[in-house]
Amino acid sequence: NFKNLEKYKFEKLGAQNLKKLSKTFDIVYCKGIEHIHNWKLVLKNINLITRKGSYVYLKIRPFHSYLGPHRFATTSIPWGHVLLSAKEYKRYIYQFHKERCKKMLLSYRETLSMPRYSTDELIRFFENYNFNLILII
């Protein structure tokens with residue numbers, strides 16, 4: 001019911017700082033959470049501020065998705081950023097992407113969270129905190 005927005009409370013806070021909230025929420029929306037390396041801490045914090053039956057909406061592009069590394073570290077090989085080992089990736093970009101190989105390597109190694117989790121691993125993290133997957137697109 002969006003007619004009475006004054007009944008709703010909205011907070012904008014980094015996922016690692018959610019435990020600072022003193023109230024619980026029915027809906028948590030997270031965007032760009034794939035850049036946070038400590039998913040266990042984030043889920044622990046989400047668990048602290050949600051009630052049973054709450055919804056957590058994640059808008060993410062995990063590293064293992066086609067758009068995972070936000071396309072900068074991708075190659076002309078479909079899923080190349082995932083299929084190639086780190087050594088193969090480095091060799092490939094130096095050979096075929098000379099003009100941007102250093103930036104690609106920097107993006108591949110430093111601008112994305114480490115360790116990199118697959119969608120299945122992220123789902124398992126949530127299930128460990130008793131969240132249930134409703135929809136994945």
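**Helix packing and burial in a predicted model**

Helices α3 and α4 are roughly antiparallel to each other, because their axes cross at roughly 155 degrees and angles over 145 count as such. The structure is a predicted model. This briefing covers that helix pair, then the buried side of helix α1 and its residue N45.

**The pair α3 and α4**

- Two packed helices are described by the angle between their axes and the distance between the axes.
- Helix α3 spans residues 86-96 and helix α4 spans residues 101-110, and their axes come within 9 Å.
- The crossing of α3 past α4 is right-handed.
- On the α3 side, the contact is made by A86, Y89, K90, I93 and Y94.
- On the α4 side, C101, K102, M104, L105, Y108 and R109 take part.
- By class, the residues of this contact comprise eight nonpolar and three charged, with no polar ones.

- Helix α1 covers residues 39-49, and its buried residues are W39, V42, L43, N45, I46 and I49.
- Seen down the axis of α1, these buried residues fall within an arc of 160 degrees, so they line one face of the helix.
- An α-helix has 3.6 residues a turn, so residues three or four places apart point the same way.
- Exposed residues K40 and L48 are carried on the face of α1 turned away from its buried side.

**Residue N45**

- N45 lies in helix α1 and has a relative accessible area of 1%, so it is buried.
- Leaving aside residues up to four places away in sequence, N45 touches A15, Q16, N17, L18 and K19.

Notes
Residues numbered from 1 in each chain as written. Predicted model: local features only at pLDDT ≥ 70, side-chain atom pairs only at ≥ 80, totals over all residues. Heavy atoms only, no water. Buried < 20%, exposed > 50% of the residue type's maximum accessible area, 1.4 Å probe, protein only. Helix = DSSP H or I, 4+ residues; strand = E, 2+ residues; numbered from the N terminus. Arc of directions from axis to C-beta. Axes fitted to C-alpha atoms, helices over the stretch in contact; angles between N-to-C directions. Parallel < 35°, antiparallel > 145°, perpendicular 65-115°, else oblique. Left-handed = near helix turned anticlockwise from the far one by under 90°. Contact = heavy atoms within 4.5 Å. Nonpolar A, V, L, I, M, F, W, Y, C, P; charged D, E, K, R; others polar.
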